[in-house]
Amino acid sequence: MRAFLITLAISAVSFASVNELDDKLKKLYSLHALECAPEELGKAESYIETLKGLKIKEDGEIKKVSVSDIDKLIYENKARIYLAKAEKKVFSDIDNDGTPCYKEIEDGTNPFVSDKRYVKVKKPEKVTKVKKEKKPEFKPLKTHARIHFEFDSAKVKKEYLPYLNVISRYLKTHKNLKVKIIGYTDSIGPKSYNNKLALRRAKAVKNYLIKMGVNPNRIEIVGKGKEDYLFDNKTKLNRFTNRRAEFFVMETK
Amino acid sequence: MKNFAIIISSLILISSSVFAEETVTELLDEAQNSVKMAFEANSDKKSPYEYAKAITFYEIAKEETSKLNVEAGKAAALKSIEWALRAISNAYMGGEK
């Protein structure tokens with residue numbers, strides 16, 4: 001009686017687990033396991049069919065053949081293992097394209113071939129070097145650019161005005177530059193007077209540049225009377241050459 | 001090719017009745033040959049589901065026969081032959097199911 005009850009209990013448990021396995025199998029079928037994990041599905045299904053009972057024809061009659069209880073447990077275990085493997089494959093991304101296998105089947109794509117190759121990879125746009133348009137620039141200042149003055153005069157001559165205009169525009173476009181203007185004289189007259197005259201010459205140029213829009217803070221003036229002659233003062237032309245204002249362009253730090 | 005598939009399919013249908021009279025050892029031999037044929041037809045790649053079933057039923061048949069459960073062994077061997085033939089058929093049909 002006791003043995004009968006135990007057998008009955010095992011049968012009940014087995015029946016319940018077979019149903020459970022069957023449900024899992026159906027679920028996997030709905031998740032396209034046949035395409036994603038056909039091998040695992042086939043193996044699991046074979047064990048489940050054996051658990052349910054194999055059919056055999058004997059004497060013209062179809063008969064169900066069952067296996068022993070121990071074998072049932074073994075096959076059940078194996079069926080579970082293969083179902084788990086199949087489930088893992090169904091939810092895995094076989095081709096490493098970010099989409100699980102079952103989803104790819106639903107979408108109609110090949111789960112074993114990465115869809116990445118179908119996606120057009122945007123080539124990084126070529127960085128085309130934008131050619132800087134050359135703005136019409138004025139000639140850069142020479143360090144020894146200079147203008148000349150009449151005798152005992154600090155008035156900027158008209159002929160030099162276009163030249164000063166160029167300088168002022170250049171300074172306006174190059175904000176990092178400063179200009180130092182040094183006024184000079186010839187050798188005629190006392191030193192103190194010539195110093196003042198030299199400074200007036202430099203100041204005259206400065207005023208013109210300010211008038212043209214250059215910031216006064218960027219202009220430095222110095223007067224050097226009777227100093228640093230370019231030529232000797234023996235001829236009229238040499239003296240004229242020595243009466244000058246020179247520009248020294250400096251870059252601010 | 002289609003004729004071949006039809007022949008295979010009809011073989012599947014009649015196999016159970018023909019092999020029913022065989023002994024379990026003969027059936028196991030037949031199952032082994034069928035699985036071998038299926039493998040040679042590249043069924044493991046072209047028709048993996050059917051091939052896996054054939055292999056598993058053959059394993060079950062061997063297991064049951066070794067435990068003297070002859071009837072279960074016979075039934076499993078027959079199933080193995082049936083699925084091996086299906087696998088061959090599918091392989092020749094280009095892996096269609």
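User: Is B:Arg86 buried, partly exposed or exposed, and at what relative accessibility?

Analyst: This is a predicted model, by the way. B:Arg86 has 32% relative accessibility, so it counts as partly exposed.

User: And which residue does B:Arg86 form a salt bridge with?

Analyst: B:Glu82, with the closest N and O atoms 3.1 Å apart. Both lie in helix H5 of chain B, four residues apart, about one turn of the helix.

User: Why does B:Glu82 count as buried?

Analyst: Because its relative accessible area is 19%, and buried means under 20%.

User: OK, switching to helix H4 of chain B. How far apart are B:Lys62 and B:Glu59 there?

Analyst: Three residues, about one turn of the helix. Their side chains meet in a salt bridge at 3.8 Å, N to O. B:Lys62 is partly exposed at 36% relative accessibility, and B:Glu59 is partly exposed at 39%.

User: Now the interface. How many residues does each chain put into the contact?

Analyst: Chain B gives 20 and chain A gives 25. Between them they bury about 1800 Å², with 63% of that on carbon and sulfur atoms.

User: How many salt bridges are there between chain B and chain A?

Analyst: Five. A:Lys63 forms one with B:Glu71, where the closest N and O atoms are 3.0 Å apart.

User: Which helix gives the most to chain B's side?

Analyst: H4(B), with nine residues. That side divides into 10 nonpolar, two polar and eight charged residues.

User: Which residues are linked in a network of salt bridges?

Analyst: A:Glu45, A:Glu49, B:Lys53 and B:Lys79.

Technical notes:
Residues are numbered from 1 along each chain as its sequence is written. Chains are lettered from A and ligands numbered from 1 in the order in which they are written. This is a predicted model: local features need pLDDT of at least 70, side-chain atom pairs count only at pLDDT 80 or more; totals for chains, interfaces and linings use all residues. Side-chain values use heavy atoms; hydrogens and water are left out. Contact means heavy atoms within 4.5 Å. Buried area is the accessible area (1.4 Å probe) that two parts lose on being put together, summed over both. A salt bridge is a side-chain nitrogen of Lys or Arg within 4 Å of a carboxyl oxygen of Asp or Glu. Helices (H or I, at least four residues) and strands (E, at least two) are DSSP runs, numbered from the N terminus. Ala, Val, Leu, Ile, Met, Phe, Trp, Tyr, Cys and Pro count as nonpolar, Asp, Glu, Lys and Arg as charged, and the others, Gly among them, as polar. Buried means under 20% relative accessible area, exposed over 50%, partly exposed in between (1.4 Å probe, protein chains only).
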